[in-house]
Amino acid sequence: MPSKPAENSSPRPRGDTSWFVNDRFGMFIHWGLYALPARHEWIKHHEQIPDADYDKYFKHFDPDMYNPDAWAAAASNAGMKYFVITTKHHEGFCLWDSKLTDYKATNTPAGRDLLRPMVDAFRRRNMRVGLYHSLIDWHHPDFVIDDMHSMRNSPDRKKLNAKRVQARYAEYLHGQVREILSQYGKIDILWFDFSYPAGKSGRGADWIGKGREDWKSEALIRLVRELQPQVILDERLDLPDGWDIKTPEQFQPREWVKVDGKPVVWEACQTFSGSWGYHRDEESWKSVDMLVQMLIDTVSKGGNLLLNVGPTGRGEFDRRALERLDGMGEWMRRHARSIYGCTQAPAEFKAPQDCRLTFNPAKKRLYVHLFAWPFQALHLDGKAFVERVEYAQLLNDASEISFRKSLTPQARRGPDRHDTLTLTLPVKKPGVTVPAIELFLK
Ligand code: GLC
């Protein structure tokens, strides 16, 4: 498997992913009115809440403790190199001071554009800027009510749709994309979410969904490339090409993500718990061990990890998120070079049991991440290890790890063949979340 994705043959212009495949680790932030009901960002859909009832969250959205510098510090200290913020989620509420709607933070008790100070704060920490923008809008009066809409079961669905013009919504959508791509400087990632056309992603032909025609995706992607040609674009516009990254979510791919058999640039997006938006009572919070292992596992397959925080209605990251970000930062402080600039190891290096390999091609260094600590010996099978490893150390404290070429039982019967490199490990596991051994290659 190559250590970089195949060049995409798409005739459309593409974004710049060169920094992306180096930086590997980013923060997703889902923040909107849904932080107030505090039980998932799809709450309006799940509970089919009419606008009139949902407006109470608009009236009471007052993030008085909002401090984007603290957010940027938490992300940066965790080792994250970029962030992606929901400018607007499916509820239709806008964090920035859009001139195209009154349904925005400026008109809530927050009383201001919340996007600008956030972009500025993350840039001050030299982090790249990503904008998530929902194609879906359960508040806009021209968004045709479909089988995903919060009003999908309204008895007035037909009557309401008679007055709705989807093309007018598409115009609004493009106008807002123009705003967020024109008013906040250089944007590094644009994350549209998401298309759900009939007959795709498991939905039957009678499903009333939305896709490229409803968004006018062809014109939209041209607008994006006109305004921010370098921007990295995800693949959720329901277009066969022109995107830069595949974005599997809420699961760990078992190998490098491919399209038509070719490896592509990919990013797994994951939550700390079971919700993207702040969810007070949801308890399935992943441990720091699991989160660090997910990051390593992702990079070992040539991917990026975008890990999500849902800030509260007061404008803070809650304690559970901060504790995990701290724990990941603690590991990254000594292990970051086994993540940044790394990718999948060349095929000739086989990961031992309970381990993942990451590889820095520029420095010719291989990292063995031990998800379980074996007793005294770690066997690295294969001639590549035997012939190319010239030094080994524990990454956390640079203490040497000695090794010997050893004969496996099979080799004993054959000609004098060394096909295993056996590392001698301390009995006691190093006091870090996931120990890593740094192998210097000839
Ligand atoms: C899913 C969720 C959506 C979230 C997105 C992030 O589509 O439904 O709320 O924003 O994942 O990838």
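**View 1. An open sheet built from three strands, ordered β12-β15-β14 with antiparallel pairing.** This is a predicted model, in which local features need pLDDT of at least 70, side-chain atom pairs count only at pLDDT 80 or more, and totals for chains, interfaces and linings use all residues. Residue numbers start from 1 along each chain as its sequence is written, and side-chain values use heavy atoms, with hydrogens and water left out. Out at the edges sit β12 (377–381) and β14 (403–406), each pairing on one side only. Going from one strand to the next, the twist averages 25° (axes are lines fitted to C-alpha atoms, and angles run from 0 to 180 degrees between N-to-C directions). Strands here are DSSP runs of E, at least two residues, numbered from the N terminus, and two of them pair if DSSP finds at least two bridges between them.

**View 2. Strand β15 (residues 420–424) and its bridges to β14.** These two strands run antiparallel and are joined by four bridges. Look for F403, whose bridge partner in β15 is L423, and for R404, which stands opposite T422. As for cover, four of the five residues in β15 are buried, meaning under 20% relative accessible area (1.4 Å probe, protein chains only).

**View 3. The pairing of β12 with β15.** Five bridges hold this antiparallel pair. T422 of β15 turns up again here, this time opposite H379. In general, strands of a sheet pair through backbone hydrogen bonds, either parallel or antiparallel.

**View 4. The shell of 13 residues around the ligand.** Coming nearest are H30, E41, W42, H89 and E249; a residue is near a molecule if one of its heavy atoms lies within 4 Å of it. By type, the shell splits into six nonpolar, three polar and four charged residues (nonpolar is Ala, Val, Leu, Ile, Met, Phe, Trp, Tyr, Cys and Pro; charged is Asp, Glu, Lys and Arg; the others, Gly among them, are polar).

Technical notes. Buried means under 20% relative accessible area, exposed over 50%, partly exposed in between (1.4 Å probe, protein chains only).
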